[in-house]
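Subject: Handing over the structure

Hello,

Here is the structure I promised to pass on to you. Have a look at it first, and then read on for what turned up in it.

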Amino acid sequence: MSTTSNAAVAATKKLFLSSPKYAVVGASKDQSKFGTKVLKWYLARNKDVTPVHPREEELEGVRTIRSIADLPAPTQTSVHIITPPKITLGIIEQAKALGVPALWLQPGAEDAEVRKYVEENGLSDRVVYACILVEGDGILKSLL
């Protein structure tokens, strides 16, 4: 179990939402899926967001990229992940290699293996485990 303090968690959430750019991995054409709801959350707040999808050309009217490796500015892009844990792990490994500043994992995107990787690789201060649809607006207000 992580010993990360509430203050550290709050700081990581602020770090994530202070980025100039965002990427959402896990959005699809399915309006009922949380990945799409998360993408729409960024769009509704006029955030510079890029959906990441291996097959779709665009989602919600925004051009997609195939992988986070295709991000034009990965060190300035916080990455939001809404995928099954086995896929999440590979995305986190890639994000670490690319120097992504922060990662947000929606509930269900992580499991014990993902959390272990995050802790063992010194990423605990860069990863948020929470629902942005519940907490995002409050964090944004705290940044004003």
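Five strands form an open sheet in the order β2-β1-β5-β6-β7, and their pairing is parallel. Here two strands count as paired if DSSP finds at least two bridges between them, while helices (H or I, at least four residues) and strands (E, at least two) are DSSP runs, numbered from the N terminus. At the edges of the sheet sit β2 (49-52) and β7 (127-129), each of which pairs on one side only. On average, neighbouring strands of this sheet are turned by 20° against each other, direction ignored. Angles run from 0 to 180 degrees between N-to-C directions, with axes as lines fitted to C-alpha atoms, for helices over the stretch in contact.

Before going further, please keep in mind that this is a predicted model: local features need pLDDT of at least 70, side-chain atom pairs count only at pLDDT 80 or more, and totals for chains, interfaces and linings use all residues. Residues are numbered from 1 along each chain as its sequence is written, and side-chain values use heavy atoms, with hydrogens and water left out.

Strand β1 (residues 21-25) runs parallel to β2 and is joined to it by four bridges; Val 49 in β2 is the bridge partner of Tyr 22. Both faces of β2 are covered, with Val 49 and Pro 51 buried on one side and Thr 50 and Val 52 buried on the other. Buried means under 20% relative accessible area, exposed over 50%, and partly exposed in between (1.4 Å probe, protein chains only).

Helix α3 (residues 85-98) lies across β1, β5 (77-81) and β6 (103-105), and runs at about 170° to β6. Contact here means heavy atoms within 4.5 Å.

Now for the charged pairs. The whole structure has eight salt bridges, a salt bridge being a side-chain nitrogen of Lys or Arg within 4 Å of a carboxyl oxygen of Asp or Glu. One of them joins Lys 21 and Asp 48, at 3.2 Å from N to O. This pair links distant parts of the chain, as Lys 21 is in strand β1 and Asp 48 is in the loop between α2 (34-44) and β2, 27 residues apart. Lys 21 is partly exposed at 27% relative accessible area, and Asp 48 is partly exposed at 38%.

Another salt bridge brings together Asp 137 and Arg 45 (2.6 Å, N to O). Asp 137 lies in helix α5 and Arg 45 in the loop between α2 and β2, so distant parts of the chain, 92 residues apart, are linked. Asp 137 is partly exposed at 32%, as is Arg 45 at 28%.

Lys 116 and Glu 120 also form a salt bridge, their closest N and O atoms being 3.9 Å apart. The two are four residues apart in helix α4 (residues 112-120), which means that about one helical turn separates them. Glu 120 is exposed, at 59% relative accessible area. Finally, a network of salt bridges links Glu 57, Arg 63 and Arg 66.

Helix α5 (residues 132-142) also holds Leu 133, which is partly exposed at 32% relative accessibility.

Best wishes
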